[in-house]
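Thanks for coming. I will go through one structure today, the interface and then the cores. Here it is.

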2 protein chains.
Amino acid sequence: MHTAISMNKTELQDNVLSDFSEGYYGLSIEDRRELLMVLAKEYDLNRTYVRDLMKQYLGLQLPAGDKGEIGVEDDGSLSTFYRTEKHLRHALQPTYEVLFERLNTHPGGLKFLSVLRANILSTIKEHNIPSLRALDSYLKEKLITWLSPAALELHHITWDDPASLLEKIVAYEAVHPISSLLDLKRRLGVGRRCFGYLHPAIPGEPLIFIEVALLKNVAQTIQEVLWDDPPILECDATCALFYSISSSQPGLAGINLGKFLIKRVIELVKQDMPHICTFATLSPIPGFMSWLISKLASQSKLAEAETIDMSGSSKESTGSTFREDVLTAEEEREVLDKLGESTSGKTGIEIILNLLKSPNHEWSKSDRVLLVLKPILMRLCARYLLQEKKRGKALDAVANFHLQNGAVVVERLNWMADRSEKGLSQSSGIMVNYMYRLDNIEENAQSYFSSGHVNAASDLWRLVE
Amino acid sequence: MHTAISMNKTELQDNVLSDFSEGYYGLSIEDRRELLMVLAKEYDLNRTYVRDLMKQYLGLQLPAGDKGEIGVEDDGSLSTFYRTEKHLRHALQPTYEVLFERLNTHPGGLKFLSVLRANILSTIKEHNIPSLRALDSYLKEKLITWLSPAALELHHITWDDPASLLEKIVAYEAVHPISSLLDLKRRLGVGRRCFGYLHPAIPGEPLIFIEVALLKNVAQTIQEVLWDDPPILECDATCALFYSISSSQPGLAGINLGKFLIKRVIELVKQDMPHICTFATLSPIPGFMSWLISKLASQSKLAEAETIDMSGSSKESTGSTFREDVLTAEEEREVLDKLGESTSGKTGIEIILNLLKSPNHEWSKSDRVLLVLKPILMRLCARYLLQEKKRGKALDAVANFHLQNGAVVVERLNWMADRSEKGLSQSSGIMVNYMYRLDNIEENAQSYFSSGHVNAASDLWRLVE
C-alpha cells in the first residue's frame, strides 16, 4: 500500500491517496505503529546521494570573502553554487516529504496528517527511537507551515452553528467540561463569546477555540463565570475574561495556534466593544499540586535521613545540600500548633502532605484547616508560578503558554477559585489571572524568551521574597 | 529598514513588518529593484557554516548498507545523523527565509509577498543574475506551499458579490476583456457561471477565476458564447464550456492553481447539475501566429539563400539542413494560382507572409483570400498544437496548461472563432476546444509528462500526417 505512494512521481494520484488513507483508518493501533516505523526508517534520505552532493559542493571554489559572502557577481560559478545548494536542499528532504505534500493537497488529507501525527506521538511513547523522532519533527515543521495563521479563519461560534460543529466544542472542551446542553447554550449566549480557528481543508471542526466572558471586573472564581445568568449587561462590561482554551487535534501538539487566536480575538473584541479595556484570563495551574506533593515528599525524606545521620556518627549528611526550608519557621509553628496532634511527633511538612493526600479532598471541607493552609499554599503557588523553571521557562505548562504569548503580568492568585474535583486535585482550588496588554505583547515575550523573567504583580513577588 | 527585519530572532515584530511593507510600497520601481538585489545577495546563506556542517557530516560513520539505508537502529549514531541533517536543512535555508515566513503570518503579508515576487520577476528581466534567480525560485517554492489548494476556498462569484470584488474580475479578465457592466452581468447571470479561488489572507480578491457557459453543444465561436442571451434553458444544457481563466496575481506566475480550480469546478458542476456530461474549453491559441510568421520568414530566407547558392558555385547550401516544406506542393500551387500576382515572382510563403502582415488584418475581410488560406492555416495550426515542442512540452502555453492538467483530447479547431483584433493577431482567429474527462485526468497527464504525447481527435492527426 505505502509503496504505491512513493512510486509515481509525475502526478498526484487521488485514488491511491484515498485508498491509502481509508486503508490506514481501517488499521488497528498496532498495525498503524508498524506502518509508521516502516515509513520512518525506509522512506527517509538517500544518504549516499547526499554525501556525493556534499563532496561535489565542497569541491567548488568559494568566491572571495572569508565570511562566505559574495561581493562581485561571477555568473558561472555562482550559478553552480545556487544550483548545488538547491539540489542539496531537495536531497536532504526525506522521501516521506512527497507523501506529506501530496496528502496536504488531497481532500481530507490535512485532517489525515493530523491523525497520523497523533499516532506518531503515541508510538514514540512506546518506542522512542531516533527515526520516529525525526519523522515527527519533520511532519511538525510541515504542519506549522500549512497551518500558518494566514490560512486560518476566525469564526465566532454561536448557538446558530450546526450541531455537528457544536458537538466538537462539547467533545474537546478540555478546561471546564460542558455538563449539559444548557451549559453549552449559556457559554454561547449573552455576555459570553466563543471563537474558533477553522482551516478551509477541515471544515466544521475548529482546530482550537477559546471561551470568553464579558464582565465588570476580572473574575476571581470560575463558579461566578459559569454562573447561570450573566450578572451585567454587555454594554456595561469592561473586561473580557478568557476562561478556557482547548485544542481539538492531538496531532497538532506543540504547534502554538493559541497565541495567534488570543491576539486576533483581543483585536476583534476591542474593535466591536471599545468599552472593554481589560483583557485577562482565569486560568488553571495544572502542575501545582503534583509539583508541591513531590517537593514536600522529597524534603520530608531528606529531613528524615538527616535526623538519622545526626543520631549516628557523621555530621555532614550526603543529602543535605538538596535540603531547603519549604516552610518558614513561622508556618511550621502554625501548622504544628493548629493542625498537629501533640502525640504524633510529625513535622509540619508531613502534616500538610497527609492532609493534601486525604481522600475526597477532606482538607478542603474544614474551615479550621483552610485557615491555616491558605497562606502557605498561596505563597508556595506564587513561588511555583514565578520561580520554578524547566529549561529556563516556567514549569507550569499554562503559565508558559501565556508568558510566551506575551501576557503582561501574572496578576493575582485566587483562593478556592475552582472547587471542582479537577480544580482541587490540580491546584488545591487556586486559579490565576494573567493580564494581557496588546501593546506590550512582543516586548514581554522577548524578555521572557531571553531571560526567562516572569512579569508579575508586586504583591505576588512580595509573597515569594 | 531591511536590517531591522533580519535582526530580531526570538519573536515576530508586527510593527517592524508593517513599517517594512508600507515603506516598500512607497518606493519607486528603481529603489525596489535595488532593495531586492541587496536582499538576494546579502541575505542568502552562510556558506562557511554550511561547509563546516558538511565536513562534520561527512566525518560521521555511515551505518551498514551501501544503499544508504539503515537496517538496525543504533540509537546514538543515528541521532547524530538525524540531528546533523536537520541542522543542514536549516543552514541551507537562505536568511531571507525568515523574512518570508514572518510576512506570511503577518496581516496583508501574503499579498505583499505576491507583489514582491512580481517585482523580482520584472527585475530579473533587466538583470538576469544568479542570486536574483535563486531568490525567485526560493520564494516561488514557498508560495506554492502556502497556496496549497487545501488552503483555498472555491467561491461562486455572482452579481450579489461586493463591487470591490467584481471590479477585480473586470480588471484581471485576461482572455476576453469585459467591455461594460452589462457584459459583466451577463457573464455572472443565467446560463453562465464564474468561480474563483480565494485565500483567507487575501480577502475579496480571487487569486484566479474561471468563466463557464452552460450550453447544448460545445461552442465553435466565442461570439456565440458572449452572445446577449443564453440560447437555451439551464436545465437543457449538457455541456459546461470553460471560456476564460485568468490569474489576478502576476507574482504567482508559474504556480499552477488553475489545474486545481478546473478539477474542483468540474466536480461541483457535476454534483449540482448531473445532466451536464461534457466538459470542454473554448481556448485561444496565443502563440500560433508568432510561431507561424517566424517560421515562414525563416523558411523564406533560407529559400532565398539557397537560390543564391544555386546560382553560385557550391551545391551544398549551409542553411539547407534547416529547410523544410512548410507548404505542400498542392498548397503552394493553390496560393500562387489564386492569390499570386503573375508578375511578382513571389513564392507561396512570401505571399502568405505579406497577407498575414497586412495592416488591420485586411486578409480576413476577403472571402476569396479566406477560402484559400483556411485549409492551410488550419493544417499548420494543428501541427503547431500537436507537434511543436519546447523542452518536450507543447510550445503553446495554453495547450501546455490544459495538457498537463490532463485534458483528454485536443478535440477540434474552429475557424474564425474569434474575430476580435486580439483573436486575429494571436491565432488568425482560430480557437480550439479541449475536452476534459475527469476519470482520465491523472492518466493522461502522466503520459503527457513522460513522453510529451498529445492526445488529439483523429481528424486533427489526419490533418498533420
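Across the interface of chain A and chain B, 16 residue pairs are in polar contact, both residues at pLDDT 80 or more. A polar contact is a pair of N or O atoms within 3.5 Å; within protein, one must be able to donate a hydrogen and the other to accept it, and residues adjacent in sequence count only if both atoms are side-chain atoms. This is a predicted model: local features need pLDDT of at least 70, side-chain atom pairs count only at pLDDT 80 or more, and totals for chains, interfaces and linings use all residues. Residues are numbered from 1 along each chain as its sequence is written, chains are lettered from A in the order in which they are written, and side-chain values use heavy atoms, without hydrogens and water.

Two salt bridges (side-chain nitrogen of Lys or Arg within 4 Å of a carboxyl oxygen of Asp or Glu) link chain A and chain B. In one of them, Glu85(B) pairs with Arg47(A), with the closest N and O atoms 2.6 Å apart. On the side of chain A that touches chain B, α5(A) gives the most, ten residues; helices here are DSSP runs of H or I, at least four residues, numbered from the N terminus.

Now the cores. The largest nonpolar core has 58 residues. Such a core is a set of buried Ala, Val, Leu, Ile, Met, Phe, Trp, Tyr and Cys residues joined through side-chain atoms within 4.5 Å, buried being under 20% relative accessible area with a 1.4 Å probe, protein chains only. Helix α8 of chain B gives the most to this core, seven residues.

Note on methods
Buried < 20%, exposed > 50% of the residue type's maximum accessible area, 1.4 Å probe, protein only. Helix = DSSP H or I, 4+ residues; strand = E, 2+ residues; numbered from the N terminus.
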